[in-house]
Amino acid sequence: MESKKDIDPAGDERARHSEKAFDPVNQLAQTRDLPAEALRRLLGSDQWDAALTAAADRTRRAVYGDEVYLRGLIEFSNVCRNNCYYCGIRAGNQTVSRYRLTEQEILACCAEGYALGFRTFVLQSGEDPAFTDAKICRIVSAIRDRFADCAITLSLGEKSKESYRAYFRAGANRYLLRHETANEAHYRQLHPQTMRLFNRKRCLFDLKEIGYQVGSGFMVGSPYQTTDCLIDDLRFLQALRPEMIGIGPYLPHKATPFAAFPPGSLALTLRLISLLRLLFPYALIPATTALGTLHPQGRELGLKAGANVVMPNLSPVRVRRLYELYENKICTGEEAAQCRGCLARRVAAAGYRVVTAVGNAKKETNAP
Ligand code: SAH
């Protein structure tokens, strides 16, 4: 049988032309979207990386200039009732020594952070039943009273809508909850049966409805992740429209069932940061600690790829090593002030500027 190109010699020429015309970066920058097939090609090749980084940096500078926002991270408990297969502080890991900060210790971290110029505090923990809603509300109110001009971000995992509402009324403004993966089958491969993707998504939409500024995101290169999973992640984020999107490479931890899986790739993480900046020009995108752990210049590369937030650690030095989601976590030995100074220098060396401000996500009004 004759193929179409044998009877239509011009068809070949047209195919070559459309191949040449395939310019996903321009299309992304102009339309803020891409069809699945184009995303698949873009994610699977390094051939557009230079153009992608340049376009992402242009977009980021048009919306946020050279500003980089600080979030002071306080990891107040590593006790967790969940058993996520990738996470070093999973309930089943009996080798980690567990800690909880007291309310006074948490407030002391905030006071130290405030003096260093932090205006956003992120309180993160495992899903620790000892921190009841009443206790969380007391802590949030105390921070709200003492640091009225600060944003309070919580990252405590999955809770009921009533709980989220109570924290919001107590004074919390933001909530970080990565969806981890938006693909149902992949979610099952990363979590035990007791956890449900549906519930995690429910939490995120509840948080938005209550009025929180919401942060979501996923790990890059988590075990069994495919390009189609990543496309599902991007589509989910397009439906959720979060104010912040946090991504970082998966990194192994020896005391988990996934100990033998390799870390996520630096190039793919940076490619995704740029892609996110172009899909979501107004998003706050952190250059994460996991990225800095994967590569000594990881966070700087993340900023150059389109990220505009850094989250130095304000936890007391004695507990930092214990909040071990993955191995070889950086910045576990430094005092808060050292972290602040070190990051400000790194950000400046990358060509950006740390600013002391609450750093709200800009609204999609005057598009660049
Ligand atoms: N209990 C909170 C906080 C979880 S820890 C919650 O459920 O949201 C914060 C994030 O660290 C997780 O959402 C996950 O994306 C990331 N993380 C956990 N284990 C990791 C690993 N091994 N490598 C890289 N990132 C990891």
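The points below begin with the basis of the model and then go through its elements in turn.

1. This is a predicted model, in which local features need pLDDT of at least 70 and side-chain atom pairs count only at pLDDT 80 or more, while totals for chains, interfaces and linings use all residues. Residues are numbered from 1 along each chain as its sequence is written, and side-chain values use heavy atoms, with hydrogens and water left out.

2. Helices and strands are taken as DSSP runs numbered from the N terminus, helices being H or I of at least four residues and strands E of at least two. The axes are lines fitted to C-alpha atoms, for helices over the stretch in contact, and the angles run from 0 to 180 degrees between N-to-C directions. Two packed helices are described by the angle between their axes and the distance between the axes.

3. Helix 7 (residues 133-146) and helix 8 (residues 161-170) have axes that come within 8 Å and cross at roughly 20°. The two helices, helix 7 and helix 8, are therefore roughly parallel to each other, a term used for angles under 35 degrees, with over 145 counting as roughly antiparallel, 65 to 115 as roughly perpendicular and the rest as oblique. Their crossing, that of helix 7 and helix 8, is right-handed; a crossing has this hand if the near helix is turned clockwise from the far one by less than a right angle, and is left-handed if anticlockwise.

4. Contact here means heavy atoms within 4.5 Å. On the helix 7 side, D133, I136, C137, V140, S141 and R144 meet S163, A166, Y167 and A170 of helix 8. The residues of this contact of helix 7 with helix 8 divide into six nonpolar, two polar and two charged, where Ala, Val, Leu, Ile, Met, Phe, Trp, Tyr, Cys and Pro count as nonpolar, Asp, Glu, Lys and Arg as charged, and the others, Gly among them, as polar.

5. Helix 8 also packs with helix 10, their axes coming within 10 Å and crossing at roughly 35°, and the crossing of helix 8 and helix 10 is right-handed. K161, Y164, R165 and F168 in helix 8 meet R202, C203, D206, L207, E209 and I210 in helix 10. By class, the contact of helix 8 with helix 10 has five nonpolar, no polar and five charged residues.

6. Which residues of helix 8 are buried? They are K161, S163, Y164, Y167 and A170, buried meaning under 20% relative accessible area, exposed over 50% and partly exposed in between (1.4 Å probe, protein chains only). The buried residues of helix 8 pack against helix 7, strand 4 (151-155), strand 5 (174-176) and helix 10 (197-210). Helix 8 is followed by G171, whose phi is positive, near 125°.

7. Helix 5 (residues 49-64) and helix 12 (residues 266-279) pack with their axes 9 Å apart, at an angle of about 45°, and helix 5 and helix 12 are therefore oblique to each other. Helix 5 passes helix 12 in a left-handed crossing. D49, L52, T53, A55, A56, T59, R60 and Y64 in helix 5 meet R271, S274, R277 and L278 in helix 12. By class, this contact of helix 5 with helix 12 has five nonpolar, three polar and four charged residues.

8. How many disulfides does the model contain? With a disulfide defined as a pair of cysteine sulfur atoms within 2.5 Å, the count comes to zero. The sulfur of C137 is 16 Å from the closest cysteine sulfur, that of C110, which is too far for a bond, and C137 is buried at a relative accessible area of 16%. For C203 the closest cysteine sulfur is in C84, 13 Å away and again too far for a bond, and C203 counts as buried at 0% relative accessibility.

9. Two residues other than glycine have a positive phi and deserve a look. R32, with phi near 60°, lies in the loop between helix 3 (24-31) and helix 4 (36-43) and is partly exposed, with a relative accessible area of 23%. N328, with phi near 65°, lies in the loop between helix 15 (317-320) and helix 16 (336-349) and counts as exposed at 65% relative accessibility.

10. L116 is found in the loop between helix 6 (103-115) and strand 3 (120-125) and counts as partly exposed at 22% relative accessibility. Leaving out residues up to four places away in sequence, L116 touches A336, A337 and R340.
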